[in-house]
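Hi,

Here is the structure we talked about. Please open it alongside this note; what I found follows below.

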Amino acid sequence: MILFTLEHILTHISLSIVSIVITIYLMNLLVHEIVGLYDSSEKGMVAAFLCITGLLVIRWIYSGHLPLSDLYESLMFLSWGFYIIHMIPYFRNHKNHLNEITAPSAVFTQGFATSGLLTEMHQSTILVPALQSQWLMMHVSMMILSYAALLCGSLLSVALLVITFRKNIDIFSKCKSNHFQIGTFSFSKLKYANENEISNALKLKNNKLKAFRNYHTYQLIQQLDCWSSRVISLGFIFLTIGILSGAVWANEAWGSYWNWDPKETWAFITWTIFAIYLHTRTRTNENLQISNSAIVASVGFFIIWICYFGVNLLGIGLHSYGSFALTSN
């Protein structure tokens with residue numbers, strides 16, 4: 001009872017901390033970045049990570065198995081995976097755009113897990129016989145960590161596509177307009193100034209402004225693409241290990257390495273999508289490479305949710321015990 005109460009307290013503390021962190025991120029978006037607020041948000045994420053780590057350890061102790069046996073536990077572990085991805089660049093002192101992805105992902109995942117929809121799953125119960133295996137830790141943990149990494153990388157690709165799309169719209173609108181903005185020049189001065197000098201000054205001014213904006217947009221796109229590819233590559237490795245270990249476990253439990261039930265089929269589709277993503281990054285055309293790979297990763301974002309959550313709603317196949325509850329009384 002004490003451990004369950006402590007777990008409940010840690011859950012709400014971590015959720016509250018991450019909610020405050022997201023508020024700080026939103027404040028930084030509206031105003032110029034404040035160093036004090038940024039440092040506080042990073043410390044808040046560390047505190048939330050320690051809370052959810054303690055929560056999972058406590059649940060592991062009193063349940064006797066790795067907390068991955070039902071939807072509630074897998075969502076909490078997925079949230080913990082988002083924290084892990086967030087902590088890696090933090091401890092390496094690298095400022096990047098992962099913060100804006102991992103923090104909301106962690107709070108939404110954890111918020112859904114602790115909502116009233118999954119109240120019955122908060123109490124850990126005995127594992128069903130099919131899950132009483134040493135492969136549970138290897139297979140399920142690798143799959144959940146791969147989902148966390150692939151979701152973060154896919155969201156970075158979505159952000160990259162949005163920025164690229166907006167950049168293309170700006171270029172198209174500027175090409176349609178054949179005049180330059182007057183800027184701070186007044187009409188009274190224009191009457192007495194030389195038209196060629198004004199035109200040259202305006203062109204120089206606009207060219208510098210365009211070059212400045214294009215440079216920073218290009219830098220942002222390159223950073224998003226770099227981090228997206230790194231995180232997705234890590235997630236793809238985890239996914240491969242998870243599928244292979246699952247095949248070995250399936251052979252021990254069911255006598256066959258592959259059975260093409262819905263969960264296995266969608267896991268294979270997910271693996272194929274991100275294999276295509278990695279293949280598109282080998283193209284020689286850099287601009288085409290970035291845009292095509294980002295589109296593939298964006299499609300993969302929805303495929304992951306179908307594989308992880310959507311298939312469980314059906315409640316069919318050899319993984320049917322994974323539909324919201326993998327445990328029995």
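The expected span of a helix is 1.5 Å times one less than its number of residues. Keep in mind that this is a predicted model.

Helix α3 first. It covers residues 71-91, so its 21 residues should span 30 Å. The C-alpha atoms at its ends are 30 Å apart, which agrees. How many residues of α3 are buried? The count is 17 of 21, so the helix is mostly covered, with buried meaning under 20% relative accessible area.

Helix α8 passes the same check. It has 19 residues, 262-280, and should span 27 Å. Its end C-alpha atoms lie 27 Å apart, in agreement. Its buried residues are Lys263, Glu264, Ala267, Thr270, Ile273, Phe274, Tyr277 and Thr280. For reading that list: an α-helix has 3.6 residues a turn, so residues three or four places apart point the same way.

Take a closer look at threonine 270, in α8. Its relative accessibility is 0%, so threonine 270 counts as buried. A polar atom of its side chain lies 2.8 Å from the backbone oxygen of tryptophan 266. Leaving aside residues up to four places away in sequence, threonine 270 touches Leu150, Leu239, Ile303, Ile304 and Cys307.

Now the aromatics. The whole structure holds 8 aromatic pairs. One of them is phenylalanine 49 with tryptophan 80: the ring centres are 6.3 Å apart and the planes meet at 15°, so the pair is stacked. Planes under 30 degrees apart count as stacked. This pair links distant parts of the chain. Phenylalanine 49 sits in helix α2 (residues 35-63) and tryptophan 80 in helix α3, 31 residues apart. Both residues are buried. Ring pairs also bring in Phe77, giving a cluster of Phe49, Phe77 and Trp80.

Arginine 230 lies over the face of tryptophan 227, 5.4 Å from the ring centre.

Last, the cysteines. How many disulfides does a search of the whole structure find? It finds 0. Are cysteine 152 and cysteine 226 buried or partly exposed? Cysteine 152 has 0% relative accessibility, so it counts as buried. Cysteine 226, at 27%, counts as partly exposed.

Best wishes

Key:
Residues numbered from 1 in each chain as written. Predicted model: local features only at pLDDT ≥ 70, side-chain atom pairs only at ≥ 80, totals over all residues. Heavy atoms only, no water. Helix = DSSP H or I, 4+ residues; strand = E, 2+ residues; numbered from the N terminus. Buried < 20%, exposed > 50% of the residue type's maximum accessible area, 1.4 Å probe, protein only. Disulfide = S-S within 2.5 Å. Polar contact = N/O pair within 3.5 Å; in protein donor to acceptor, adjacent residues only side chain to side chain. Contact = heavy atoms within 4.5 Å. Phe/Tyr/Trp six-rings, centres within 6.5 Å; stacked < 30°, edge-to-face > 60°. Lys NZ or Arg CZ within 6 Å of the ring centre and 35° of its normal.
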